[in-house]
Amino acid sequence: MSRFRNEVAHLQAHVATLRRVGAALFALAVLLGIGWANAPRHLTIHVPPDLRSGSTRKWWDVPPENVYAFGYYIFQQLNRWPTNGEEDYPRNLRALSAYLTPSCQALLQQDYETRRNNGELRQRVRGLYEIPGRSYGEDPTTRVKVLSERDWIVTLDVAADEYYAGEQVKRALVRYPLKVVRLDIDPERNPFGLALDCYSGAPQRITPPAAAPATTAPGNPSAPAAPLPGGTP
């Protein structure tokens with residue numbers, strides 16, 4: 001009789017062990033499900049634009065050339081006023097707010113109000129482009145200075161043209177030292193994970209190269225051609 005009792009006790013102990021194992025597996029499955037639910041749905045990986053040679057990078061590493069391209073693109077879009085600066089400038093600030101730090105947003109908003117009060121925006125058309133021969137490929141170490149894994153200084157040499165009523169009223173060659181920071185807080189609106197933190201220093205006027213000998217204006221051989229007007233950034 002004792003043999004049957006021992007067998008029953010053995011089976012009961014085995015069932016209890018299986019129950020404990022099943023409970024442990026259930027708890028592990030719950031933890032894995034929670035981790036899976038909290039995992040990011042999208043992972044941004046910055047890849048260098050030139051893939052002629054292999055590239056191995058950590059997923060959180062941002063190549064300097066990508067930082068430069070980001071800074072130039074956002075800054076160019078901020079300064080693009082296709083019809084009327086009084087309307088285009090604030091619209092750009094709203095559209096690009098996810099790519100600007102809060103402090104930069106406030107600084108640019110103040111700049112907009114100052115320009116509007118001074119009458120520098122109404123019916124103004126503005127465009128900004130990179131000066132030929134001063135791109136990232138010409139001098140990479142000068143164009144992007146790596147401060148840390150989260151901070152960079154991007155140096156842009158650009159020409160800014162402004163028009164009023166179809167007439168060019170300003171052409172300025174300016175060097176802008178921009179600060180770019182990592183900002184991985186809203187991947188739905190900012191998939192780059194980067195943000196413009198405005199300027200790391202004061203913009204500097206670039207002295208244009210020596211002008212060529214004056215040419216005569218069409219239709220009047222004695223009158224020299226009018227030079228392009230200058231202006232502040």
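Visitor: How much accessible area do Val21, Leu25, Leu28 and Leu32 have together as a nonpolar patch on the surface?

Guide: Heads-up: this is a predicted model, where local features need pLDDT of at least 70, side-chain atom pairs count only at pLDDT 80 or more, and totals for chains, interfaces and linings use all residues. Numbering starts from 1 along each chain as its sequence is written, and side-chain values use heavy atoms, leaving out hydrogens and water. A patch takes residues with over 30% relative accessible area and no salt bridge, joining like charges within 9 Å and nonpolar side chains (Val, Leu, Ile, Met, Phe, Trp, Tyr) within 5 Å; a salt bridge is a Lys or Arg side-chain nitrogen within 4 Å of an Asp or Glu carboxyl oxygen. By Shrake-Rupley with a 1.4 Å probe, only the protein chains shown counting as cover for residues, these four come to about 390 Å².

Visitor: Is leucine 28 buried, exposed or partly exposed?

Guide: Leucine 28 sits in helix α1, residues 2-38; helices (H or I, at least four residues) and strands (E, at least two) are DSSP runs numbered from the N terminus. Buried means under 20% relative accessible area, exposed over 50%, and partly exposed in between (1.4 Å probe, protein chains only). Leucine 28 has 46% relative accessibility, so the label is partly exposed.

Visitor: How many residues apart in sequence are the parts tied together by cysteine 104 and cysteine 198?

Guide: Their sulfur atoms are 2.0 Å apart, inside the 2.5 Å limit for a disulfide, and a search of the whole structure finds one disulfide. Cysteine 104 belongs to helix α4 (residues 102-117) and cysteine 198 to strand β5 (residues 194-199), so the pair links parts separated by 94 residues.

Visitor: Which handedness does that disulfide have, and why?

Guide: Both cysteine 104 and cysteine 198 are buried. The torsion about their S-S bond is about 80°, so the disulfide is right-handed.

Visitor: Which residues does serine 200 contact, leaving aside neighbours within four places in sequence?

Guide: Serine 200 is in the loop between β5 and β6 (204-205), and its 40% relative accessibility makes it partly exposed. With contact meaning heavy atoms within 4.5 Å, the partners of serine 200 are Ile153, Pro177 and Lys179.

Visitor: What share of the chain's contacts with a separation of 6 or more comes from residues 24 or more positions apart?

Guide: For context, the chain has five helices and eight strands, and buried residues make up 30% of its 233 residues. Among contacts with a separation of 6 or more, residues 24 or more positions apart account for 61%.
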